[in-house]
Amino acid sequence: MADVFELAYVYARVCGALSRAFVGERAAQAARSGKLADLWRSVFGNSAPALPEGALLKEAERKAVAGAFREFQVMASALESREPFFEALRRKTEFSRVKRILACARDGSTELPPVFDTDLKPEIDDSGYPDPLAMFGQGRYSWIDGEAFTDLPAAENRLDRQFYGELWESLGTVPARRRGALADLVKLEIELENVVWALRLRRYYGMDVEQVEPLLAKVRGPDVVKPALQTLSYRMDARGDWSGWRWERLLRDSGPVDTGWKLDVRKVETAARRYLYRAVRHALHFNPFTYTPLYCFFKIKEFETAVILGLFEGIHLGAPFEEIAAYAFAVVGDER
């Protein structure tokens with residue numbers, strides 16, 4: 001069990017590492033030249049490999065994600081024991097890889113996605129690809145069968161719900177005096193994910209409460225679905241309906257409250273991510289002698305990696321610098 005000296009060391013290391021995060025102004029300036037080679041050097045500190053752009057993007061993803069996990073492992077190594085909560089948190093990359101494997105099988109691809117967290121004991125047998133029983137027959141993914149290959153959205157949704165359920169349950173292994181804000185932050189993320197997911201399902205698929213409710217992540221204890229289900233009874237073009245809603249702060253008004261307003265799901269999603277990012281940054285400094293800073297490091301590196309990959313993709317697609325810069329500031333807010 002970690003003592004206060006180990007935790008103080010982790011907190012100091014986390015603060016130092018996050019001061020160099022590639023978000024906001026630093027990320028935007030790294031992409032200013034509009035050249036992938038320049039962005040590569042800014043992010044990774046060396047020259048880009050001589051690869052076609054498509055292959056370079058894949059290598060940038062591999063290097064960015066794997067690097068983030070290596071940094072996390074270095075931070076976590078200061079603790080004397082491997083904590084089940086952080087094992088469950090790191091498992092997120094494997095859940096994401098399962099989704100990509102299912103997509104590969106559906107598309108008939110022979111190339112499997114890379115493993116980013118090589119220090120985590122795998123529960124996927126790559127040698128069995130594309131047979132779901134051979135790949136996933138043992139362990140936490142044993143429910144995956146041939147139907148998951150054909151109904152990818154349903155499988156991805158179940159994987160998301162499974163990940164959050166396992167992560168929440170793993171909180172019970174954390175000593176109470178070491179939890180800090182962990183439960184509040186995990187609950188916040190699940191609740192916001194449910195809100196965004198419910199809005200997407202309603203906007204793009206026309207689903208109602210009965211159809212949406214089974215697709216939301218649930219945990220034992222707190223109600224993390226009520227705010228999401230409430231959105232299904234509000235009119236998408238009537239701002240007044242949303243007055244008093246728990247997450248009303250996420251609404252980005254495009255006009256007067258009663259005239260010309262229409263909810264923009266993408267803006268709500270951006271606002272939700274920004275709120276979560278700021279909650280994580282805030283909790284980091286208010287719970288220094290708990291496991292909270294290490295969790296915050298993981299989440300902020302997750303945000304940072306998404307920004308980095310978005311910059312590479314934006315340059316590859318030839319997007320204007322203004323759009324790329326806006327993406328760099330999407331999570332932290334435009335503080336220019």
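Tutor: Let's start with a helix pair: H3 and H15 cross in a right-handed way. (Right-handed means the near helix is turned clockwise from the far one by less than a right angle, left-handed that the turn is anticlockwise; helices are DSSP runs of H or I with at least four residues, strands are E runs of at least two, and both are numbered from the N terminus.) Keep in mind that this is a predicted model, where local features need pLDDT of at least 70 and side-chain atom pairs count only at pLDDT 80 or more, while totals for chains, interfaces and linings use all residues. Residues are numbered from 1 along each chain as its sequence is written, and side-chain values use heavy atoms, without hydrogens or water.

Back to the pair. H3 covers residues 36–44 and H15 residues 292–316; their axes are 10 Å apart and meet at an angle of about 170°. Those axes are lines fitted to C-alpha atoms over the stretch in contact, with angles taken from 0 to 180 degrees between N-to-C directions. H3 brings Leu-36, Leu-39, Trp-40, Val-43 and Phe-44 to the contact, and H15 brings Ile-308, Leu-311, Phe-312, Ile-315 and His-316; contact here means heavy atoms within 4.5 Å. Sorted by class, that's nine nonpolar residues, one polar and no charged ones. (Nonpolar covers Ala, Val, Leu, Ile, Met, Phe, Trp, Tyr, Cys and Pro; charged covers Asp, Glu, Lys and Arg; the others, Gly among them, are polar.)

H15 also holds Glu-313, which is partly exposed at 35% relative accessible area. (Buried is under 20%, exposed over 50%, partly exposed in between, with a 1.4 Å probe and protein chains only.) The C-alpha of Glu-313 is 9.2 Å from that of Ile-324, 11 residues away along the chain.

Now a spot in a loop: Thr-231 sits between helix H13 (226–230) and helix H14 (265–286). Thr-231 is buried, at 0% relative accessible area. Setting aside neighbours within four places in sequence, Thr-231 touches Ala-198, Leu-199, Arg-202, Trp-242 and Trp-245.

What about charges? Side chains of opposite charge can pair when their charged atoms come close. Take a salt bridge as a Lys or Arg side-chain nitrogen within 4 Å of an Asp or Glu carboxyl oxygen, and you get 26 of them. Arg-106 and Asp-107 form one, at 3.0 Å from N to O; Arg-106 is partly exposed at 47%, whereas Asp-107 is exposed at 54%. Arg-220 and Glu-169 form another, at 2.3 Å. This one ties together distant parts of the chain, 51 residues apart: Arg-220 is in the loop between helix H12 (209–212) and H13, and Glu-169 is in helix H9 (residues 152–170). Arg-220 is exposed at 62%, while Glu-169 is partly exposed at 36%.

There's a network too, with shared partners joining Glu-87, Arg-90, Asp-117 and Asp-119. Within this group, Arg-90 and Glu-87 have their closest N and O atoms 3.9 Å apart. Both are in helix H5 (residues 84–90), and because they are three residues apart, about one helical turn separates them. Arg-90 is buried at 6%, whereas Glu-87 is partly exposed at 21%.
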